[in-house]
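The sequence and structure come next.

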Amino acid sequence: MRLHKGSQACLLLLVHAVGQVVVAVNFKQCLNDIVQNASTTQNFTGLLNGDGDPVSNLSDATSISYSMCASRCRPQQEPFQWPVFSQEFSAWLLPNLALISQLPFGAQYRIDNLMSAVLTVGSPTLAGYSLFITLLNSRWINRRFDHSVNHPNSRFAVSILSSLQQVPLRLHPDRARLSSLIVLPENDSWLRCLAEFVNYTHTWSIASATSIVWVVIAYILTVANSLLDVYANFQSHGEATGSLWLWLIPIVVGWLQLSPKCDFNRLQEAYDRADRHSIPTGAAGVCTGISPAPSHRALVITAREEDVMSPDEFLTPPVFNYSRSLRWAFTAETICLQFEVTSENAHSHLPAHSGSESTEFGTTSGTDDGDRRGFPQDAVMYCPQSSHWAPGVFTRMAIASCASLALQWGTAGAAIVVAWFTPTVGLGCRSMGYLLYAVISTLIWMMLLMSSILAHHSAAYPRRAPLFSRVALALSHFLRWTGKLLAIINFVLVILACVFQYSNFYDRCFCNSSVFSTRGAAYAVVIETIAQAAQAKAAWIGAIVLACTSASIFLGLVYLLLDTIPSYRSHFSSR
């Protein structure tokens, strides 16, 4: 029977791979062979002590130079050990992979949910930024209304704005519609209904709590076990990968506490229900003789493709909030200014309709709204102008950036420290992999954040955009697609880095010699000394403290700010 050429090639590759396993190197045996040969020839060249210095006594030889390792021990890896791999994989990586399922999704299409998971793992910096900017935006709009607005519907407006950060929130181009939505009392029921319907809670469940507890307990037990046995398989331990993934806990817990409204179908249903439940009845509908329906659509949660500069704004998973935060802030500021003007006019006894008398706003549901009666065209006088860049937006972006960078580099830095101080000390394949993961993650965040800024800048010129605006939009698209491509690459990179760590793939001459930092003086430690084990243990403890502190500070900041964002369940229940 003759084989197809492709089948022959696959067979040859399989045979080659099996051959690689068969000839896998045993470094301790290789060192013993070199020592025995040196004892016979009295040629100690290439034999080194734990510090990389030449030895004069063969009993001090615990390391070999990289050149001798490559020539005498062959460039293959240590043999793959399934018991070690399965134990390390199930203890360090598997719980974190399971925890990814507890991230908030809710996109209209499954491929977008998958991309949100890839983007979160590919760039924890971006995930932390989106979480923190969402929290800061909610805090900002809540304080903004509290300090400058006195309107019976302001609490509903804050609830709506805070809850709708996961959709492309837009205002109708006809500003009179927004004015009539706020000014005319016929529309109060729509605001109240929408605020109540979008204020659903998606937070802790048994599955999410179990997943988090599993990760925490697995991390504690495996760390304790590793520190008790530093000598055994010191190169294949997973302490570094455990710290590398520790960012996932505060991200998942933070989203569970914040409870983002990101279910596309549920949000659309809530919006439609608000329309159905807000048909005016009784005196409210009779006083003006108009239907409030035109003003309902003054605030919409969907947009046409030509009205959105970044397609990521359509994706409801909250990791994409980075793309919506600037436009959301502009919309929220415009609405807040509208409420401010409405409040000021009411307190100045300026009615919405020239033929009515004015009264001041009250704080109860029984308020006399005579000063708010009128027609939509009468509300045009209430239209304020707002800046394209909301106040304080860059300050919030800077704070969110610092928090997310501290989380990313605190956990990744801990992994780098563990790999760096594991003999041979220096920058090797393991630490280089973790460093690349953190660098690419930061680069993705920078590219996508810049993409959102350029897209928002281009949105200021909806028609007949100048050349520099068109260039900015094209650059925004390029940065967005490049950032997503890097996120996919980084997602694969971090998984491979962990698998390579557990499977002894890194256990070869090149990686064990930390060639990236030692260069010509590179050497591989074969037998770990007591001093090296003590140094590695101290570094591991320091790295664990660094990673846990970074994650705890991030989570602590989230908890500190949670009580400054709007909560209206008690308000709704009292109505």
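Buried means under 20% relative accessible area and exposed over 50%, with partly exposed in between (1.4 Å probe, protein chains only). The model is predicted: local features need pLDDT of at least 70, side-chain atom pairs count only at pLDDT 80 or more, and totals for chains, interfaces and linings use all residues. Residues are numbered from 1 along each chain as its sequence is written, and side-chain values use heavy atoms, with hydrogens and water left out.

## Cysteines

A disulfide is a covalent bond between the sulfur atoms of two cysteines. With a disulfide taken as a pair of cysteine sulfur atoms within 2.5 Å, the count comes to 3 disulfides. Helices (H or I, at least four residues) and strands (E, at least two) are DSSP runs numbered from the N terminus.

| Disulfide | S to S distance | S-S torsion |
|---|---|---|
| Cys-30 and Cys-73 | 1.9 Å | about -90° |
| Cys-69 and Cys-509 | 2.0 Å | about -80° |
| Cys-429 and Cys-511 | 2.2 Å | about -80° |

The torsion about the S-S bond of Cys-30 and Cys-73 is about -90°, so this disulfide is left-handed. The pair links distant parts of the chain, 43 residues apart: Cys-30 is in helix α2 (residues 27-41), while Cys-73 is in the loop between α3 (66-72) and α4 (82-99). Both Cys-30 and Cys-73 are buried.

For Cys-69 and Cys-509 the torsion is about -80°, which makes the disulfide left-handed. This pair also links distant parts of the chain, with Cys-69 in helix α3 and Cys-509 in helix α20 (residues 509-512), 440 residues apart. Cys-69 has 0% relative accessibility and counts as buried; Cys-509 is buried at 2%.

The disulfide of Cys-429 and Cys-511 is left-handed, because its torsion is about -80°. Cys-429 lies in helix α18 (residues 429-459) and Cys-511 in helix α20, so the bond ties together parts that are 82 residues apart in sequence. Cys-429 counts as buried at 13% relative accessibility, and Cys-511 is buried with a relative accessible area of 6%.

How does the pairing run when the bonded cysteines are numbered in sequence order? The pattern is 1-3, 2-5, 4-6.

Strands of a sheet pair through backbone hydrogen bonds, either parallel or antiparallel. Two strands are taken as paired if DSSP finds at least two bridges between them. Here 3 strands form an open sheet in the order β1-β2-β5, with antiparallel pairing. The edge strands, each pairing on one side only, are β1 (47-48) and β5 (523-525). Strand β1 is joined to β2 (residues 63-65) by 2 bridges, and Leu-48 stands opposite Ser-63 in β2.

## Ser-323

Ser-323 lies in helix α16 (residues 321-347). At 7% relative accessibility, Ser-323 counts as buried. The side chain of Ser-323 reaches the backbone oxygen of Phe-320 at 2.7 Å. This is a polar contact, defined as a pair of N or O atoms within 3.5 Å; within protein, one must be able to donate a hydrogen and the other to accept it, and residues adjacent in sequence count only if both atoms are side-chain atoms. Leaving aside neighbours within four places in sequence, Ser-323 is in contact (heavy atoms within 4.5 Å) with Ser-310, Asp-312, Glu-313 and Ser-452.

## Aromatic rings

Rings of Phe, Tyr and Trp (its six-membered ring) pair if their centres lie within 6.5 Å; planes under 30 degrees apart count as stacked, over 60 as edge-to-face and the rest as tilted. The count comes to 16 aromatic pairs. In one of them, Phe-80 and Phe-85 have ring centres 5.4 Å apart and planes at 50°, so the pair is tilted. Phe-80 is partly exposed at 41% relative accessibility, while Phe-85 is buried at 13%. Ring pairs link Phe-80, Trp-82, Phe-85 and Phe-89 into a cluster.

The rings of Phe-500 and Tyr-506 have centres 5.8 Å apart and planes at 85°, so that pair is edge-to-face. Phe-500 is partly exposed, with a relative accessible area of 24%, and Tyr-506 is buried, at 8%.

A charge sits over a ring if NZ of Lys or CZ of Arg is within 6 Å of the ring centre and within 35 degrees of the ring normal. Arg-396 lies over the face of Trp-140, at 4.2 Å from the ring centre. Arg-508 lies over the face of Phe-505, at 4.5 Å from the ring centre.
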